[in-house]
Amino acid sequence: MAKSPAEKPRVLAIILGGGKGTRLYPLTKERSKPAVPFGGKYRIVDIPISNCINSGYRKIYLLTQFNSASLHMHISNSYNFDRFSQGFVEILAAEQNLENSGWFEGTADAVRKNMHHFRAQNPTHYIILSGDQLYRMNLEQFMQSHIDSGADITIATTAVNRHDASGFGIMKIDGQHRITEFKEKPKPDADISDWKIPQNARGDLPAEKEFLASMGIYIFNAKTMEEMLDNEYTDFGKEIIPMSLKDKKVNSYIFDGYWEDIGTIRSFYDATLALTKENPPFDFYDVDTPIYTHMRNLPPPKVNGAPHIEDSLLTEGCIVTNAKTIKNSVIGVRTLIESGSELNGVITMGGDAYESAEQKAENAKAGRPNVGIGKNCVISQTIIDKDARIGDNCRINVDGKTYEDGDHDTFYVSEGIVVIRKGATLPAGTVI
């Protein structure tokens, strides 16, 4: 029997923006983690926000405290609901008041310090989402599973193999999906054989994925949330959830779709380039559940000759002029690529604006490259952040040179991936 409007849950979505984002540095040097550009034209935060909107949840708070200016601008330019929907996407940055004077100390602390804002919406349920994950989930189905189970808290989980289990909080469940125990990142040599997913809860999960890992996505009954935050614990995963198992009904919602944590340079790079596959694991072309972002009103990509473009995404406003090769790459908005250049496994984040003829003349006079990629460059396994200037005849990550992970002036290295800093200038002939 369908629920009447009066019985429909009043859901408030809370997206956790994370801390300093040190694992995504230097992409997070001047912006918060949710504001990092992704997929050529999007920001990471567009993923959880779009999941909420597509699920009918339009009251969304985003909690953040580091480098929030870029995020504020993106949210204000992207998400404006009509006044009849009563929907909103609002950023809540760490603030001082008579009760709190410090930074957010963790995920639970961030929610606790903003409860006075949340209570005003009179929700029946809270859904807690992460700001740095790539997935597409029907959150309404997740919520219905929570309500039908009679749980106080439901945790979204994903099946992992034993090797990957050491990197997550692992859940032990019974045959009714109730979580009975929680173990934070079990060591590789720890015996967790009795934590395997019960056979009657496996469904169509791959045979090698025998354990359930927390996705950091939670549903709380409103009353339960108030009770569980009436303390000084600061983190949901490490403290609140384990504590709740003592006297609350905590269930697992097993999510069997694609899910990827994109909180590191390597995971960000791999997840972005996976978008270029013919059948990508995450599909931006899904008609029924689109991913929303800022409408820039830019012209379509323009290709003034390029004999070989393969397995690549070219986004609005980019201009390619007689490039030799673009392969397995994601080319961001307003990226300019000049003649003779070769790109393989490259992510460009583009530019915030085009340079005028006068600005280009000033660049030439000063011996400074234009924003974009110059002539006859060869670039591989590289992320080029916004507004970088790559001069002619530069060679990046193609000559077998190796660098220790970390800072190297205009660029940064992580697991063999070179990251050209935002606004960096590489003079003509630079070899990295």
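## Basis

The model is predicted: local features need pLDDT of at least 70, side-chain atom pairs count only at pLDDT 80 or more, and totals for chains, interfaces and linings use all residues. Residues are numbered from 1 along each chain as its sequence is written, and side-chain values use heavy atoms, with hydrogens and water left out.

## Nonpolar cores

The largest nonpolar core has 38 residues. Val111, Phe118 and Phe220 have the most contacts inside it. A second, separate core has 30 residues, including Ile49, Cys52, Ile60 and Leu129. A nonpolar core here is a set of buried Ala, Val, Leu, Ile, Met, Phe, Trp, Tyr and Cys residues joined through side-chain atoms within 4.5 Å. Buried means under 20% relative accessible area, exposed over 50%, and partly exposed in between (1.4 Å probe, protein chains only).

Not counting residues up to four places away in sequence, Phe220 touches Asp152, Ile153, Met225 and Phe236, among others. Contact means heavy atoms within 4.5 Å. Thr224 is in contact with Asp152, Ile153 and Lys248, again leaving aside neighbours within four places in sequence. Thr224 sits in helix H7 (residues 222-228). Thr224 is buried, at 4% relative accessible area.

## Two helices

Helices (H or I, at least four residues) and strands (E, at least two) are DSSP runs, numbered from the N terminus. Among the buried residues of H9 are Phe268, Tyr269 and Leu273.

Helix H10 covers residues 357-366. Of its 10 residues, the number buried is 1, so H10 lies largely in the open. Gly367 follows H10 and has a positive phi, near 70°.

## Cysteines

The structure holds 0 disulfides. A disulfide is a pair of cysteine sulfur atoms within 2.5 Å. For Cys318, the closest cysteine sulfur is in Cys377, 16 Å away, too far for a bond. Cys318 is buried, at 1% relative accessibility. Cys52 is also buried, at 0%.

## Pocket and cavities

The second largest pocket holds about 360 Å³ of space. Of its 15 lining residues, Pro9, Arg10, Val11, Gly56 and Lys59 are the closest to its centre. The lining has 6 nonpolar, 5 polar and 4 charged residues. Ala, Val, Leu, Ile, Met, Phe, Trp, Tyr, Cys and Pro count as nonpolar, Asp, Glu, Lys and Arg as charged, and the others, Gly among them, as polar.

The whole structure has 6 cavities of 30 Å³ or more. The largest cavity has a volume of about 90 Å³. Its lining has 15 residues, with Thr335, Gly350, Gly372, Ile384 and Ala388 nearest the centre. On a 1 Å grid over the protein atoms alone, a cavity is a set of points where a 1.4 Å probe fits but cannot get out; a pocket is an open set with protein on both sides within 12 Å along at least five of seven lines; lining residues have an atom within 4 Å of a point. Grid points are joined across faces, edges and corners, and a volume is the space filled by probe spheres set on the points.

## Backbone exceptions

Most residues other than glycine have a negative phi, and most peptide bonds are trans. The bond from Tyr25 to Pro26 is cis, with omega near 10°. Pro26 lies in the loop between strands E1 (11-16) and E2 (37-38).

Arg334 is not a glycine, yet has a positive phi of about 65°. Arg334 is buried, at 16% relative accessibility. Asn393 has a positive phi of about 60°. Asn393 is partly exposed, at 43%.
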